[in-house]
Amino acid sequence: MKIEYIHEPTDLQCGQAVLAMVLGLPVQQVARELDNDRETTLKQMREYFESHAVTMSHERRQVQTKEELPGLALLSLETPRCWHWSLYADGVFYDPEHGVLDDFPECARRYCWELTIE
């Protein structure tokens with residue numbers, strides 16, 4: 001899957017940026033359609049993905065290494081500043097705050113949900 005990296009427009013829009021990257025949409029459109037330019041909840045992430053033909057697994061899995069991740073995954077990371085949404089696709093991390101990375105950004109706990117594009 002081809003992902004175009006999107007940096008979060010504000011410190012609170014990591015979720016909107018992840019949704020936009022997966023769906024290939026402008027982040028402003030995602031924020032407008034969610035009617036939310038602040039933090040997104042797990043419920044908002046799931047509902048928006050599913051309304052755009054992306055299935056999100058119901059099982060949240062704790063992971064330690066990138067080898068444990070599925071090919072496409074929504075990540076919830078406990079970073080030094082806050083809980084944070086991020087994206088993993090085909091061996092690459094697309095983090096709305098930290099950029100395109102080869103491994104997780106600094107974080108204490110890591111959770112993932114598998115994403116499947118229908």
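User: Which residues are used, and at what pLDDT do side-chain atom pairs count?
Analyst: Residues are numbered from 1 along each chain as its sequence is written, and side-chain values use heavy atoms, with hydrogens and water left out. In this predicted model, local features need pLDDT of at least 70, totals for chains, interfaces and linings use all residues, and side-chain atom pairs count only at pLDDT 80 or more.

User: In what order do the elements of the protein chain run from the N terminus?
Analyst: Helices (H or I, at least four residues) and strands (E, at least two) are taken as DSSP runs, numbered from the N terminus. The protein chain has 3 helices and 7 strands, and their order is α-α-α-β-β-β-β-β-β-β.

User: How many residues of helix α1 are buried?
Analyst: Buried means under 20% relative accessible area, exposed over 50%, and partly exposed in between, with a 1.4 Å probe and protein chains only. Helix α1 spans residues 14-23 and is mostly covered, its buried residues including Cys14, Val18 and Leu23. The count of buried residues in α1 is 10 of 10.

User: Which residue forms a salt bridge with Arg109, and where does that partner lie?
Analyst: A salt bridge is a side-chain nitrogen of Lys or Arg within 4 Å of a carboxyl oxygen of Asp or Glu. For Arg109 the partner is Glu78, with the closest N and O atoms 2.7 Å apart. Because Arg109 lies in the loop between β6 and β7 and Glu78 in strand β3, the pair ties together parts that are 31 residues apart in sequence.

User: Which residue is joined to Arg81 by a salt bridge?
Analyst: The closest N and O atoms of Arg81 and its partner Glu97 are 3.3 Å apart. Arg81 lies in the loop between β3 and β4 and Glu97 in the loop between β5 (92-95) and β6, so the pair ties together parts that are 16 residues apart in sequence. Arg81 counts as exposed at 52% relative accessibility, whereas partly exposed, at 22%, is Glu97.

User: Is Thr79 buried or exposed?
Analyst: Thr79 is found in the loop between β3 (72-78) and β4 (83-89). With a relative accessible area of 8%, Thr79 is buried.
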